[in-house]
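Here is a short report for a reader meeting this structure for the first time. Please look at the sequence and the model, then read on.

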Amino acid sequence: MLHPSYTDLMKVANSEVEEGEHPVVNSRYSIVMATAKRARQLVNGRPTTVTDAEGKKPLSVAIEELEKGDIKILGDE
């Protein structure tokens, strides 16, 4: 079981969406693509917002950043 779940991550990603607007994240695929892109950025040297990231895999750090709301998923616009 994944912790946090896809549903929890989708709620965090869509937390700033006003009622009546289209959600930024519609599916698990969007979460997977966004966290994979962020993990690639971390591998390429971008700084992380996670304080205890030493020894963690980049994907785990990306998921933790998303869960905490430290990074945002931008829509197509």
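## Glu65 in helix α3

Glu65 sits in helix α3, which covers residues 58-68. The model is a predicted one. Is Glu65 buried or exposed? Its relative accessible area is 0%. That is under the 20% cut-off for burial, so Glu65 counts as buried.

Which residues does Glu65 touch, leaving out those up to four places away in sequence? They are Arg38, Leu42, Thr48, Thr49, Val50, Asp70 and Ile71.

## Asp52 in the loop

Asp52 belongs to the loop between α2 (28-43) and α3. Its relative accessible area is 44%. Buried means under 20% and exposed means over 50%, so Asp52 is partly exposed.

Asp52 and Ile71 are 19 residues apart along the chain. Their C-alpha atoms are separated by 16 Å.

## Nonpolar cores

The largest nonpolar core has 8 residues. They are Leu9, Met10, Ala13, Val25, Ile31, Leu66, Ile71 and Ile73. Helix α1 (residues 6-13) gives the largest share of this core, with 3 residues.

Ile73 is a member of the largest core. What does Ile73 contact, leaving aside neighbours within four places in sequence? The partners are Ala13, Val24, Val25, Ile31, Ala34 and Leu66.

## Overall fold

The protein has 3 helices and 0 strands. Along the sequence, the pattern reads α-α-α. Among contacts between residues at least 6 apart in sequence, 38% join residues at least 24 apart.

How does the radius of gyration fit the chain length? A compact globule of 77 residues would have a value near 11 Å. The protein has 13 Å, which agrees. Along the principal axes, the C-alpha atoms fill a box of roughly 40 × 30 × 20 Å.

## Surface and charge

Of the 77 residues, 26% count as buried. The protein exposes about 5900 Å². Carbon and sulfur atoms supply 51% of that area.

The protein carries 10 positive and 13 negative charges. How far apart are their mean positions? The separation is 8 Å.

Definitions and conventions: Residues are numbered from 1 along each chain as its sequence is written. This is a predicted model: local features need pLDDT of at least 70, side-chain atom pairs count only at pLDDT 80 or more; totals for chains, interfaces and linings use all residues. Side-chain values use heavy atoms; hydrogens and water are left out. A nonpolar core is a set of buried Ala, Val, Leu, Ile, Met, Phe, Trp, Tyr and Cys residues joined through side-chain atoms within 4.5 Å. Buried means under 20% relative accessible area, exposed over 50%, partly exposed in between (1.4 Å probe, protein chains only). Helices (H or I, at least four residues) and strands (E, at least two) are DSSP runs, numbered from the N terminus. Contact means heavy atoms within 4.5 Å. The radius of gyration is taken over C-alpha atoms; the globule rule is 2.2 Å times the number of residues to the power 0.38. Accessible areas come from the Shrake-Rupley method with a 1.4 Å probe; for residues, only the protein chains shown count as cover. Lys and Arg count as positive and Asp and Glu as negative; His and the chain ends are not counted. The place of a charge is taken as NZ of Lys, CZ of Arg, CG of Asp or CD of Glu.
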